[in-house]
Amino acid sequence: MWGVGVSVYLVAVVFRTSLGVAGLDAADRFHVNASALSAFSILQLLVYAGMQIPVGLLVDRWGTRRVLTLGIVLFTVGQLGFALSPTYGMALLSRALLGCGDAMTFISVLRLGSRWFPARRGPVVVQIAGLFGVVGNLLSTIVLARTLDSLGWTATFAGSSLAGLVVLVLVVAFLKDHPEGFAPEPVPHAGRAYVRHQIARAWREPGTRLGMWVHFTTQFPGMVFLLLWGMPFLVEAQGLSRGRAGGLLTVVVLSNMVVGPVYGHLIARRHAARAPLALGTIGATALVWAGTVAYPGDRAPMWLLVTLCVVLGACGPASMIGFDFARPANPPERQGTAAGIVNIGGFTASMTTLLAVGVLLDATGGSYRVAFSSVFVLQALGVAQIVRLRARTARVERERLAAARAEAVRVPA
């Protein structure tokens, strides 16, 4: 069951990140500048982020199978539409449709994992889910980049959409929401009151809000680099060939694959490691990003670019730590809603930075040094919120743990 679910997420990430290796091709195909090019990813992420809470509510109410089926249909049609779009406007609409379907995958996969695995494996299960996303990213970086050169735009994107049909068959034929005999309690509420109740209760938990800010601050540098601006930066600003630039993007993905399981095992063994790992990743990212942007001369040395890509590879696993703060703070019937709130964080930050980089590039005549400095503003905001909520979340977790122990050990009168 888990394999079917994460296969859907893998395909969704292939479709989501396919523009990352095709940014220069898209600019030539649709005759657009940097700001208009960034609009593809911004709109896609805007739809993705806006759908997170509705999708969380749907997963809590409908279950994984139905939501994943709808998501597959939407992102497959979006990818096929992007392949065949003759105009910029139709291509934008296709990316929006793709973002809508993509939004339904990760939260559904998290819900599936919580139903098929014991709670103690939660951190590892989340990181493994993220790892499949990384594999999808790797496929788009390696396979789509090569097929674009050999087969062209339409054949590459239309051909990749066939993967959506494959996972649709798998979900319809095999997927089950939960093991036999472990069906969740039916949701007793419906309508607007239920929606408001779910969202409000999840948001009031400091663990949910801390998880959102961890996701916000850790995910976006790597996402922005892989999703759109990494390839143009390496080719235009650093003078690398597209082949070498693609190799460096692969380093980001491989680093992610190595770091993810390590973070998962560390957190499963010691929950207190969550905040230090997240803050350490943020600090390392800021340091290496600043070193690359501020390096004297026109081009940074290769060792620094490789280091940057290795550190950016840790951003994805660090963002998964956000779910490890939200999960123990919410009961099973609210897990989808809480995960949706957390997932909004990183994609909101990514969308904001994608827009800022595009606007600044146009305003400065293509200065990546100025445009990439916008990353530090969002990092500072996120770190301030993490520090503010960290102690409160730890206190609530301790109180709940003490209450659970007291309930489990009753002393006779």
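A surface patch here is built from residues with over 30% relative accessible area and no salt bridge; nonpolar side chains (Val, Leu, Ile, Met, Phe, Trp, Tyr) are joined within 5 Å, like charges within 9 Å. Accessible areas come from the Shrake-Rupley method with a 1.4 Å probe, and for residues only the protein chains shown count as cover. A salt bridge is a side-chain nitrogen of Lys or Arg within 4 Å of a carboxyl oxygen of Asp or Glu.

The model is predicted: local features need pLDDT of at least 70 and side-chain atom pairs pLDDT 80 or more, while totals for chains, interfaces and linings use all residues. Residues are numbered from 1 along each chain as its sequence is written, and side-chain values use heavy atoms, leaving out hydrogens and water.

**Stop 1: Met 1.** Select Met 1, Trp 116 and Phe 174. Together they make a nonpolar surface patch of about 280 Å². Met 1 sits in the segment before helix H1 (2–17). Helices are DSSP runs (H or I, at least four residues), numbered from the N terminus. Met 1 is partly exposed, at 31% relative accessible area. The classes are buried (under 20%), exposed (over 50%) and partly exposed in between, with a 1.4 Å probe and protein chains only.

**Stop 2: His 31.** Go to the loop between helix H2 (23–30) and helix H3 (34–62); His 31 is there. Check its backbone: phi is positive, about 55 degrees, although His 31 is not a glycine. Most residues other than glycine have a negative phi. His 31 is exposed, because its relative accessible area is 72%.

**Stop 3: Ser 160.** Move to helix H8 (residues 153–160), where Ser 160 lies. Ser 160 counts as buried, at 12% relative accessibility. Show its contacts (heavy atoms within 4.5 Å). Not counting residues up to four places away in sequence, Ser 160 touches Phe 15, Gln 79 and Leu 144.

**Stop 4: Leu 378.** Now select Leu 378 in helix H18. It is buried, since its relative accessibility is 13%. Leaving aside neighbours within four places in sequence, Leu 378 contacts Phe 216, Phe 220, Ala 349, Thr 352 and Thr 353. Draw a C-alpha to C-alpha line from Leu 378 to Thr 353: 8.2 Å in space, 25 residues in sequence.

**Stop 5: Arg 398.** Stay on helix H18 (residues 375–408) and select Arg 398. Arg 398 is exposed, with 55% relative accessible area.

How values were computed:
Helices (H or I, at least four residues) and strands (E, at least two) are DSSP runs, numbered from the N terminus.
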